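The following note is intended for a colleague who is new to this structure.

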Amino acid sequence: MSELRTPAQLEALVDEVVFLIRSQIASVFGNLALVIPATWILDVFWHVITGGHIVNQLKAELILGTVAPWSGCWFFAIFTGVLLWLSSLFAAWLDNWFVLHQLSAALAQHRGLQRCFGPTRTRHLAVWLEHNIAGLGGNLSLGLMLGLIPSVAVFFGLPLDVRHVTLSTGQVTAAFATLGGERLWLLSTVWIGIGIVGIGLLNILVSFSLALFVAIRARNLRGPQRQQFYRAIVGRFLKSPLSFLLPMGVTSAAANADPPEP
């Protein structure tokens, strides 16, 4: 981002943005591909063991109402996107803090850990934490915020809730398992699907836009360069919108550049 002197460099940065957005969308689809059958199977086991469903019929109707587009779910999805961004900030801070204080070397030489796990396992644990501390911090902080903030908001009388695409899809799956498969063919189900898609898009776009804004400020991208960058992203979307979803239609200046002479 700090090297936008040529059109090829600008196109390479736009490619990077496209790849990041596409990877986020792919991760969402991966989550949904797992959470839908997992929730349904869990409900089947629960029904076999207890004779009931995970949620009762009244709760199921309430869940479906919370993801309809007119329920305010998209506003809560924007708020959840902010929480996703905050968790990424915490993950980055924790990673930097871990490296700054050289905790990997300190843990590898910790005598108490060496007595418990042995020197070799302790070194492996230190290396593993060095490579995964950011992911652990991000997931833990996000889980705490998604779980605690709605309860804190209710305590203070604030109209705030979270709508995360994976959590909402799991709840909707549990609701349909209770109400029966025939409910899937009603017209209202289409609106529920639109609500889920909107939640996912807003989760990704808000969190990514905030992260991009921080990167622009951190790299001190000046006004003309910033406008040029924004125009390039919009131009790429207008030229090849499917490239933000599928690995197709991306032809950057960097890719078309002539190879250097030996």
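1. Trp40 belongs to helix H1, which spans residues 7–50; helices here are DSSP runs of H or I with at least four residues, numbered from the N terminus. The model is predicted: local features need pLDDT of at least 70 and side-chain atom pairs count only at pLDDT 80 or more, while totals for chains, interfaces and linings use all residues. Residues are numbered from 1 along each chain as its sequence is written, and side-chain values use heavy atoms, with hydrogens and water left out.

2. Trp40 has a relative accessible area of 34% and therefore counts as partly exposed (buried is under 20%, exposed over 50%, partly exposed in between, with a 1.4 Å probe and protein chains only).

3. Leaving aside residues up to four places away in sequence, Val172 touches Ile63, Leu64, Val67, Ile192 and Ile196 (contact means heavy atoms within 4.5 Å).

4. Are Cys73 and Cys116 buried or exposed? Cys73 is buried because its relative accessibility is 0%, whereas Cys116 is exposed because its relative accessibility is 64%. The count of disulfides is 0, a disulfide being a pair of cysteine sulfur atoms within 2.5 Å.

Key. Helix = DSSP H or I, 4+ residues; strand = E, 2+ residues; numbered from the N terminus.
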